[in-house]
Amino acid sequence: MRLSVALLLFVVSGCSDNFLDLAPVSQLNGNSFYKTEEDIKNALTATYGALQAPGIYYSSMHVIGDLRSDDTWIPDPNAGANLQEVDQFKNNAFNTISSSTWSAHYQGIQSANIVIAKIADVQMETSAKARYIGEAKFLRALMYFNLVRIFGDVPLVLEVINNPSEGYAYGREAAGNVYEQIISDLKEAGAVLPGQIASAEIGRATRGAATALLGKVYLTRAQWDLAAQTLKALIDRGTYQLQPNYANLFGAANENSRESIFEVQFKKGSSGEGSPYTNQFAPIGSGTAVTGLGNPLGQNIPTDAIVAAYETGDLRKNASMQTTYTLNGNTVTHNYVAKYLGQPAANLDSDNNWIVLRYADVLLMYAEALNELGFEANGEAFLYLNQVRNRAGLASKTSNNSDPSLQIASQAAFRLAIEQERRIELAFEGHRWFDLVRTNRALAVLAPLGMKAHHVLLPIPQSQIEINPGVVTQNPGYN
């Protein structure tokens, strides 16, 4: 079941906007529709397909993860007023980023719930049934993890919503309870998902994906011991490894490598399943000099601050971004993201996947968890930090280095070193904002850019509050 097939719009479209955007996603949610294993496979494919939606990895997750941070910005208001509002901490409850993110994730959750609920009565092999449920729970956990990090307390819906009246019962669930459900889903998924998959199944969730995401959840909750245990177990399996050349992580020819743990699959020229990043991230005014085809939208432009954050000799810089392009024989100075360049088949239609989880992220998370459990001079945490640095052509950092720029002499200094390494290693992959919030560093770093304390969460869409007043409430600071 390769996941580059069509999105099965008959399952994920037709969503009611009368409440919560939770359902019904179509009249085909009825019990009579899901009769065969093929029906369940189609519903599961629709759940994977939901990740391609504009409100998830097509645009929202990088808008929030990158634009909300100090790594990228929108210098030209023509790139989109709603995006610029998010970038400048001026977004309110009417901003379309909140509403599209909310509705797309809940449509995906509804699709996952359909698989989990309807599969019980379908005749198929027990092992296949367990795997489908595991995949649906992984996807549901991923979508709830995004939601709870973005909005805080959110409705926790674990059943299929068949009519609008059922949706009104769901208010905002405490974030802690949402996290407990995420953890439960990931543990159950990890117990049944395969460790490795055939090439024809590329894109489907694996045990490694569930384990890596579980480790990230524990890290987000500051459960350092559980994070360390979970991430080390994944490392010790030996399933994944760093690519020798950082540049070979990106581009259509390099998708789903040994370093990649979970990617959202896109394919150009396939009925709207292409990715938009080549065009989205190219500077306005660059014509086809950067994109090769289609319109440059200027929506995720690297800041001068991220340019300056690279160390001299860091091999990741040119693979991640460029600072000039040539137009009509003239050199134009303008920063732009290079990780997602590729020849589109049409405007907003490229082959580039979105990498959600990869092995370098796991190594840095494990190093962070070890440091939080207790700083050890030149200890194990240094080993994993330096694996990532050395791949980038950089010297190792040590606790007693004669070079001050390479010295980490305390737990606090190691925290900052991890922050820096994650910023560069995972640049423009949608992690920076969530890392700063997770480590309680967002306000200290971003206050000069306009951030206030309540901006750690995005506003609940005003439409949801008006539909269900008194049950769905607004986040503080946005009233």
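What follows is a short chat on confidence, charged pairs and aromatic rings.

Colleague: What is the average pLDDT of the protein?
Modeller: This is a predicted model. The protein averages a pLDDT of 93, and 93% of the residues score at least 70.

Colleague: Where does pLDDT stay under 50?
Modeller: Over residues 1-29. The model has 96 contacts beyond four places in sequence for that stretch.

Colleague: And which elements have the lowest and highest mean pLDDT?
Modeller: Helix 1 (residues 9-12) has the lowest, at 32. Helix 14 (residues 359-373) has the highest, at 99.

Colleague: Salt bridges next. How many?
Modeller: The count is 32. One joins glutamate 259 and arginine 358, at 2.8 Å from N to O. That pair links distant parts of the chain, 99 residues apart. Glutamate 259 sits in the loop between helix 10 and strand 2, arginine 358 in strand 6.

Colleague: Are glutamate 259 and arginine 358 buried or exposed?
Modeller: Both glutamate 259 and arginine 358 are buried.

Colleague: What does arginine 389 pair with?
Modeller: Glutamate 311, with the closest N and O atoms 2.7 Å apart. Arginine 389 is in helix 15 and glutamate 311 in the loop between helix 12 and helix 13, so the pair ties together parts 78 residues apart in sequence. Arginine 389 has 0% relative accessibility, so it counts as buried. Glutamate 311 is partly exposed, at 26%.

Colleague: And which glutamate meets arginine 438?
Modeller: Glutamate 368, at 2.5 Å from N to O. The two are 70 residues apart, with arginine 438 in helix 17 and glutamate 368 in helix 14. Arginine 438 is buried at 16% relative accessible area, and glutamate 368 is buried at 8%.

Colleague: Switching to rings. How many aromatic pairs?
Modeller: 18. Phenylalanine 33 and tyrosine 34 have ring centres 4.8 Å apart and planes at 90°, so that pair is edge-to-face. Phenylalanine 145 and tyrosine 179 have centres 6.4 Å apart and planes at 70°, so they are edge-to-face too. Phenylalanine 145 is in helix 6 and tyrosine 179 in helix 8, so this pair ties together parts 34 residues apart in sequence.

Colleague: What lies over the face of phenylalanine 145?
Modeller: Arginine 149, at 3.9 Å from the ring centre. Arginine 149 also lies over the face of phenylalanine 434, at 4.1 Å.

Colleague: Last one. How many residues of helix 3 are buried?
Modeller: 8 of its 8.

Definitions and conventions:
Residues numbered from 1 in each chain as written. Predicted model: local features only at pLDDT ≥ 70, side-chain atom pairs only at ≥ 80, totals over all residues. Heavy atoms only, no water. Buried < 20%, exposed > 50% of the residue type's maximum accessible area, 1.4 Å probe, protein only. Helix = DSSP H or I, 4+ residues; strand = E, 2+ residues; numbered from the N terminus. Phe/Tyr/Trp six-rings, centres within 6.5 Å; stacked < 30°, edge-to-face > 60°. Lys NZ or Arg CZ within 6 Å of the ring centre and 35° of its normal. pLDDT = per-residue confidence, 0-100. Contact = heavy atoms within 4.5 Å. Salt bridge = Lys/Arg side-chain N within 4 Å of Asp/Glu carboxyl O.
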